[in-house]
There are 2 protein chains.
Amino acid sequence: MEIRVAAAQIRPRLGDIEYNRRRMTDFARKAAELEVDLLVFPELANSGYNFPSREFALKCAESLDGETVRIMSALAREYSMYIVFGLCEREGERLFNSAVLVGPEGLIGVYRKVHLFMREKEIFERGREFRVFTTPIARIGLMICFDWLFPEAARTLALRGAEVIAHPANLVLPYCPRAMPIRALENRVYTVTANRVGYERGLRFIGLSLICAPTGDVLAQASSSHEELIYADIDPAVARDKRITEMNDIFKDRVPEAYALR
Amino acid sequence: MEIRVAAAQIRPRLGDIEYNRRRMTDFARKAAELEVDLLVFPELANSGYNFPSREFALKCAESLDGETVRIMSALAREYSMYIVFGLCEREGERLFNSAVLVGPEGLIGVYRKVHLFMREKEIFERGREFRVFTTPIARIGLMICFDWLFPEAARTLALRGAEVIAHPANLVLPYCPRAMPIRALENRVYTVTANRVGYERGLRFIGLSLICAPTGDVLAQASSSHEELIYADIDPAVARDKRITEMNDIFKDRVPEAYALR
């Protein structure tokens, strides 16, 4: 079954949660007009990225029963769509850089970022687990931004059955758009990287959101500077076939006993 | 200490071992004129690649005390050079697709290919271990051709201390030259991919040998069709520094307890 996947490359405003929710709502409606089945927003889409302090981040943070999850779940239900978005998540006094998956059925799951970048280490707790969620449209794995650099992240998701990796990002280093086709290829999965654009307190985000196929082909790519919606039609079943030649299956050919984990 | 590393992109002739040794010798002399410290030849450089049968491969195969290792060791001694080359290796009745490292001190070590491609599975036994060798010029890890697709290969070598990955190849798929900069970047190591050119019984080899830096930069790249020597000057100490930002060390930031190995 073909599905339509999309990345919403937006420009959140730091600390302006009301605005950010409206912008996400606008893009969810645009995606609905395009009959998108899976829509991915950037990392920390509700809050912006470059917090001046942990206290500031704490003020932006929301729990999983908060307003942003509620709004996104309602949109998912209204439009029969699955939505992944970055959330500055609060649980008690702890903060997580999270990716949330909602669908017509409501909240499906959350992934808390494992590989924290730069000053995120001073703000967020580290997540512990890479998670894959089975939905009617696809098995969806979640990773966030800097996770791209660690091949173990996408590999773990693929080994756990992910057909599509939804990848909210706030990229500032230049490398990721070159790496994602390789992540897709080496795992024979689809990837949807939703990056943001704009500037925040000295950081420039590089845009270039992209959707990659199990062949390593780039199916759609955004600009480096503008808000936009990119999309592609994919068949998740293709990602279940791990053959790269008639005699090579990239999973069956793995030799874990030869691999160092530490 | 800066060292000069090189890849000899040659065109071996299938089954013409005398010719292949002469060609390797010619390129070793060229490299010596350029004061190369580490020279890498393609996969199966002594024998060619696309054997019509296992019997044919058996006739081309040599042991580690055979003539090709002897000649390469003598060149390494004469020119104070380290040389990695692909060898169709025989041990008793078993065949391995191997990469051999020799230096002025003689035979240093051998790596037997772990991830066999296509019909190699009908000819060769699979290797069991990724190996890194400490030499006076650098810690050198070995992998061969199709190993590039499995991120665990380069990762294992880097975790075991490789500063330079010598990568003999006989590439026929188009992807590897795009992937090697990512392998170098994600492990912050240097990579030297020595591919071959030419045709053999319906297979076209893609050339495009390349040398990559821990930054993901391509330091040198060969053509897709011609025999040539490419080289670059590198500092292996750079590969010992795993920081990608002032707050991120790509090894210390790994979270093995979150990674699936199987």
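## A walk through the two chains

Let's start with one ion pair: Asp26(B) makes a salt bridge with Arg23(B), and their closest N and O atoms are 3.3 Å apart. A salt bridge here is a side-chain nitrogen of Lys or Arg within 4 Å of a carboxyl oxygen of Asp or Glu. Asp26(B) and Arg23(B) sit 3 residues apart in helix H1 of chain B, so about one helical turn separates them. An α-helix has 3.6 residues a turn, so residues three or four places apart point the same way. Asp26(B) is partly exposed at 36% relative accessibility; the scale calls a residue buried under 20% relative accessible area, exposed over 50% and partly exposed in between, using a 1.4 Å probe and protein chains only.

Before going further, some ground rules: this is a predicted model, where local features need pLDDT of at least 70 and side-chain atom pairs count only at pLDDT 80 or more, while totals for chains, interfaces and linings use all residues. Residues are numbered from 1 along each chain as its sequence is written, chains are lettered from A and ligands numbered from 1 in the order in which they are written, and side-chain values use heavy atoms, leaving out hydrogens and water. Helices (H or I, at least four residues) and strands (E, at least two) are DSSP runs, numbered from the N terminus.

Staying in helix H1 of chain B, which spans residues 17-33, we also find Arg21(B). Arg21(B) is buried, with a relative accessible area of 12%. Contact means heavy atoms within 4.5 Å, and, setting aside neighbours within four places in sequence, Arg21(B) is in contact with Glu62(B), Glu67(B), Thr68(B) and Ile71(B).

Another bridge joins the side chains of Glu43(A) and Lys113(A) at 2.8 Å, N to O. Glu43(A) lies in the loop between strand E2 (38-40) and helix H2 (54-60), and Lys113(A) in the loop between strand E5 (106-112) and helix H4 (120-123) of chain A, so the pair ties together parts that are 70 residues apart in sequence. Both Glu43(A) and Lys113(A) are buried.

What about the cysteines? The structure holds 0 disulfides over all chains, a disulfide being a pair of cysteine sulfur atoms within 2.5 Å. For Cys60(A), the nearest cysteine sulfur is that of Cys88(A), 6.0 Å away, which is too far for a bond. Cys60(A) counts as buried at 4% relative accessibility, and Cys88(A) is buried at 0%.

Now for how the chains relate.

Helix H5 of chain B (residues 151-159) is mostly covered, with 8 of its 9 residues buried. Those buried residues pack against helices H5 (151-159) and H6 (176-187) of chain A, together with strands E6 (132-134), E7 (139-142) and E8 (164-168) and helix H6 (176-187) of chain B. After H5(B) comes Gly161(B), with a positive phi near 105°.

Finally, H6(A) has 12 residues and reaches 16 Å from its first C-alpha to its last, close to the 16 Å expected at 1.5 Å a residue; that expected span is 1.5 Å times one less than the number of residues. Since 11 of the 12 residues of H6(A) are buried, H6(A) is largely enclosed by the rest of the structure. Arg188(A) follows H6(A), and its phi is positive, near 50°.
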